[in-house]
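This report looks at aromatic rings and at the residues around them. The sequence and structure come first.

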Amino acid sequence: MADTLAPSSSPPVEGGAHAPADGTKRDFLKLVAGSFAAVGVGAIVWPFIASMNPAKDVLALASTDVDLTHVAEGQAVTVMWRGKPVFVRHRTAKEIEEAQAVPLSDLRDPQTDQSRVLREPWLIVVGVCTHLGCVPLGQKSTDPRGDYGGWFCPCHGSHYDTAGRIRRGPAPLNLAVPEYEFRSDTQVRIG
Ligand code: FES
């Protein structure tokens, strides 16, 4: 039943005013109670909705700037972007040559090296194994890098090459390439 005030059919009382009939009183109380309930729900929902808006610090992390100045050839750095590790590797000429020489027919997830790299010698990939989400090894020079010189995921034995492409093991896909841009020769913005 809708919360409306019903027209009164009660007789006039002293002074000409109409006393509400029982049904009308009940409807009136329902309306008042409903209004309080609506205010109460609104008061609870608003902070909840407000809390769903991203905070300024979260928005700031939507992109991550990387200074490449001190990443020497053969070295790699890991930066965090939107809660995930991103591998930035300064590849050697040999690593680039090996990545470019692989025929697409040898690849489980066929992608050329050129399609995964914006500017040589830098390879930038999300450091999350596409099998079950472990972080592969290979960022430190002392880490195992697998049979193809890129990264090795010890969780179940996935091997990635120097373009971050899956070459052996259970992972189905290459390491993802994030959106990024070079803002100068030594500054990269990821995201
Ligand atoms: S999570 Fe990497 S091989 Fe299973």
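## Rings and their neighbours

Arginine 89 lies over the face of tryptophan 151, at 4.0 Å from the ring centre. This arrangement is found in a predicted model. Another arginine is placed in this way: arginine 119 lies over the face of phenylalanine 182, 4.5 Å from the ring centre.

How many aromatic pairs does a search of the whole structure find? The search finds two. In one of them, the ring centres of phenylalanine 87 and tryptophan 151 are 5.5 Å apart and the planes are at 15°, so this pair is stacked. The pair links distant parts of the chain, with phenylalanine 87 in strand E3 (residues 84–90) and tryptophan 151 in strand E5 (residues 149–153), 64 residues apart. Both phenylalanine 87 and tryptophan 151 are buried.

Tyrosine 180 and phenylalanine 182 form an edge-to-face pair, with 6.2 Å from centre to centre and 70° between the planes. Tyrosine 180 has a relative accessible area of 11% and is therefore buried. Phenylalanine 182 has a relative accessibility of 14%, so this residue counts as buried. Buried here means under 20% relative accessible area.

| Pair | Centre to centre | Angle between planes | Type |
|---|---|---|---|
| Phenylalanine 87 and tryptophan 151 | 5.5 Å | 15° | stacked |
| Tyrosine 180 and phenylalanine 182 | 6.2 Å | 70° | edge-to-face |

## Arginine 165

Where is arginine 165 placed? Arginine 165 is in the loop between strand E6 (158–161) and strand E7 (166–168). Is arginine 165 buried or exposed? Its relative accessibility is 0%, so arginine 165 counts as buried. Not counting residues up to four places away in sequence, arginine 165 touches several residues, including Ala99, Val102, Leu107, Asp113, Tyr160 and Asn174. Gln111 is also among the residues touched, and the backbone oxygen of glutamine 111 lies 2.8 Å from a polar atom of the side chain of arginine 165. Arginine 165 and tryptophan 151 are 14 residues apart along the chain, and their C-alpha atoms are separated by 9.2 Å.

## The chain as a whole

The secondary structure of the protein chain comes to three helices and nine strands. From the N terminus, the order of elements is α-α-β-β-β-α-β-β-β-β-β-β. The chain has 191 residues, of which 32% count as buried. Its accessible surface comes to about 11400 Å², and 61% of this belongs to carbon and sulfur atoms.

Methods: Residues numbered from 1 in each chain as written. Predicted model: local features only at pLDDT ≥ 70, side-chain atom pairs only at ≥ 80, totals over all residues. Heavy atoms only, no water. Phe/Tyr/Trp six-rings, centres within 6.5 Å; stacked < 30°, edge-to-face > 60°. Helix = DSSP H or I, 4+ residues; strand = E, 2+ residues; numbered from the N terminus. Buried < 20%, exposed > 50% of the residue type's maximum accessible area, 1.4 Å probe, protein only. Lys NZ or Arg CZ within 6 Å of the ring centre and 35° of its normal. Areas by Shrake-Rupley, 256 points an atom, 1.4 Å probe, with all protein chains shown as cover. Contact = heavy atoms within 4.5 Å. Polar contact = N/O pair within 3.5 Å; in protein donor to acceptor, adjacent residues only side chain to side chain.
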